[in-house]
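Q: Please take a close look at the strands in this model. How do they pair, and what surrounds them?

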Amino acid sequence: MNHRRRPGLRRAAVALTALAFFGTGCTPTHEGVLAVERAQDGGVRLLLAHCPGYVARDFSVIADTGDEGELAGWSVHNGSWTASAQDVRVFQDPPEGWRTTSGELTALRKGVPYIANVDGSIGDRGVRGQVPFTVEDLEGLKSGEVLTWDGGNKNTKTGRKDFLNGDPTRCKP
C-alpha cells in the first residue's frame, strides 16, 4: 500500500521543526525581517530587512525531503557577533567571519517545502524571521521581487526595494 503524505502536512511538519530548532520561548518571530530571492545565476539568497542594530546569529534552510519524515538542513553561524551579513547565498561559502554548521541539504528540489530562517538580536532582544517557500514559488518571482511571509498561510511576493526599505516597526523586538 502506498501512503502519501499531503503537502500541507509536510509544510506543517517543517514549520514545527523549524520552531523547535530555534526555540519558541521568549523570541518571537517577526514577519517581514527575512526575504528569499532567486539570484541572477539561479542560486538562492536570504536577505535581511534594514533594521538598525540588528546582528544576525544564524541563517538556515530546513526541508522535509519526504524520506520517511527525515528533515535536511543547511545553516551558517556568525562566529564574530560583531558584524552582521545583510544577505547570505544558500549552499555557498559563508560570509567572512561565519562558518557552515549544517550541510546535509545541498540543493533545492521541486515539490519539496522549505523554510528559511534567521535568528539574531537587536541589543539583548532576540528577533527571528522565517519564510516558507518552494522552488515553484521562486520560479514565479519576477525580476526585482522577493518572497516574504506575514505569518499567514502563504508567502507574499514583494518588491526587493520595498522589502529592504519597508516599515521600520517590523524591526522592533
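A: Strand S1 (residues 34-38) and strand S2 (residues 44-48) run antiparallel, joined by 5 bridges. Strands here are DSSP runs of E, at least two residues long, and helices are runs of H or I, at least four; both are numbered from the N terminus. Two strands pair if DSSP finds at least two bridges between them. The model is predicted: local features need pLDDT of at least 70 and side-chain atom pairs pLDDT 80 or more, while totals for chains, interfaces and linings use all residues. Residues are numbered from 1 along each chain as its sequence is written, and side-chain values use heavy atoms, with hydrogens and water left out.

S1 and S2 form a hairpin with 5 residues between the strands. Gly42 sits in that turn, with a positive phi of about 95 degrees. Within the pair, Glu37 stands opposite Arg45 of S2. S1 is mostly covered, with 4 of its 5 residues buried. Buried means under 20% relative accessible area, exposed means over 50%, and partly exposed lies in between (1.4 Å probe, protein chains only).

His50 is partly exposed, at a relative accessible area of 44%. Setting aside residues up to four places away in sequence, His50 touches Gln86, Leu164, Asn165 and Cys171. Contact means heavy atoms within 4.5 Å. His50 and Pro168 are 118 residues apart along the chain, yet their C-alpha atoms are separated by 8.0 Å.

Now the open sheet. It has 5 strands, in the order S6-S4-S3-S7-S8, with antiparallel pairing. Strand S6 (98-103) and strand S8 (125-133) stand at the edges; each has a single partner strand, so one side of each is left without a neighbour in the sheet. From one strand to the next, the twist averages 15 degrees. Axes for such angles are lines fitted to C-alpha atoms, for helices over the stretch in contact, and the angles run from 0 to 180 degrees between N-to-C directions.

Strand S3 (residues 54-64) pairs with strand S7 (residues 114-122) in the antiparallel sense, over 9 bridges. Ala56 stands opposite Gly120 of S7, and Val61 has Ala116 as its bridge partner.

S7 also runs antiparallel to S8, joined by 9 bridges. Ile115 stands opposite Pro132 of S8. The hairpin of S7 and S8 has 2 residues between the strands, and Gly123 takes a positive phi near 65 degrees there.

How much of S7 is buried? Of its 9 residues, 9 are buried, so S7 is largely enclosed by the rest of the structure. In a regular strand, side chains alternate between the two faces of the sheet. Both faces of S7 are covered. Tyr114, Ala116, Val118, Gly120 and Ile122 are buried on one side; Ile115, Asn117, Asp119 and Ser121 are buried on the other.

The largest nonpolar core has 40 residues. Such a core is a set of buried Ala, Val, Leu, Ile, Met, Phe, Trp, Tyr and Cys residues joined through side-chain atoms within 4.5 Å. S3 supplies its largest share, 5 residues. Val36, Leu46, Phe59 and Val61 have the most contacts inside this core. Beyond its neighbours within four places in sequence, Phe59 is in contact with residues including Leu34, Leu46, Leu48, Trp74, Trp98 and Val118.

Asp58 also lies in S3. Asp58 is buried, with a relative accessible area of 16%. Its side chain makes a polar contact of 2.8 Å with that of His77. A polar contact is a pair of N or O atoms within 3.5 Å; within protein, one must be able to donate a hydrogen and the other to accept it, and residues adjacent in sequence count only if both atoms are side-chain atoms. Thr101 is 43 residues from Asp58 in sequence but 9.2 Å away in space, C-alpha to C-alpha.

One more backbone detail. Phe91 lies in the loop between strand S5 (87-89) and S6. Phe91 has a positive phi of about 70 degrees although it is not a glycine, and it is partly exposed, at 26% relative accessible area.

Finally, the whole chain. It has 3 helices and 10 strands, and 45% of its 173 residues are buried. Among contacts between residues at least 6 apart in sequence, 60% join residues at least 24 apart.
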